[in-house]
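This report describes the fold of one protein chain and then considers a part of it in detail. Please keep the structure in view while reading.

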Amino acid sequence: MECNVALRLVLMAVAVMFVSLPDRARADASVFSSRAGVAIGGYDAVAFFEHGTAEPGRRGHAVMWKGVVWRFASARNQAQFEANPRAYAPAFGGYCAYAMSQGRLHDGNPRIWAIVDGELFLLNNRGVHHLWQADTVQMIADGRAHWPAVLRK
């Protein structure tokens, strides 16, 4: 009986500590945009950086990270991602960077993308890509102001 009471107290203390964490500390568990549980439409996140192209990943080269499946065109790309996934994962969880700058969520399109200062940004369509390119620095800053709070709207 005393063991149950002690266990309950410990669990309550852990729950209180988690709830009292600032939003930034909890933001690490951010949600990635995915279709059917697959990140960035099944495209290889490493290929954008290493080959400068949007390459479809393969089912045989996949890893689960942050609650979604990430696919890769090769075992080498998979290993690179596993060594440092934050270096390759798209900004704003793979949602459209332009929409994020406006405080909205829209899926990012892995065929419409840009790498800015070593960070991958996906956009939804060519029209918003054009708008985003007109003031990329400000759009990124505006997007960061909305991320990840926009997920709770």
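## The chain as a whole

The structure is a predicted model. Its protein chain contains 8 helices and 6 strands. Read from the N terminus, these elements follow the order α-α-β-β-α-β-β-α-α-α-β-β-α-α.

Of the 153 residues in the protein chain, 39% count as buried. The accessible surface of the chain is about 9000 Å², and carbon and sulfur atoms contribute 57% of that surface. Among contacts with a separation of 6 or more, 55% are made by residues 24 or more positions apart.

## The hairpin of β5 and β6

Strand β5 (residues 109-116) runs antiparallel to β6, and 5 bridges join the two strands. Within this pairing, Trp 113 stands opposite Leu 122 of β6. The hairpin has 2 residues between its strands, and Asp 117 adopts a positive phi near 50 degrees.

Strand β6 (residues 119-123) is mostly covered, with 4 of its 5 residues buried.

## Helix α7

Which residues of helix α7 are buried? In this helix (residues 126-134), they include Val 128, His 129 and Trp 132. The buried residues line one face of the helix, because they fall within an arc of 105 degrees when seen down the axis of α7. They pack against α6 (97-101), β5, β6 and α8 (136-146). On the other side of α7, Arg 126, His 130 and Ala 134 are exposed.

The N-terminal end of α7 is capped by Asn 125, which has a side-chain oxygen 3.0 Å from the backbone nitrogen of Gly 127.

Notes. Residues are numbered from 1 along each chain as its sequence is written. This is a predicted model: local features need pLDDT of at least 70, side-chain atom pairs count only at pLDDT 80 or more; totals for chains, interfaces and linings use all residues. Side-chain values use heavy atoms; hydrogens and water are left out. Buried means under 20% relative accessible area, exposed over 50%, partly exposed in between (1.4 Å probe, protein chains only). Two strands pair if DSSP finds at least two bridges between them. Contact means heavy atoms within 4.5 Å. Accessible areas come from the Shrake-Rupley method with a 1.4 Å probe; for residues, only the protein chains shown count as cover. The arc is that of the directions from the helix axis to the C-beta atoms. A polar contact is a pair of N or O atoms within 3.5 Å; within protein, one must be able to donate a hydrogen and the other to accept it, and residues adjacent in sequence count only if both atoms are side-chain atoms.
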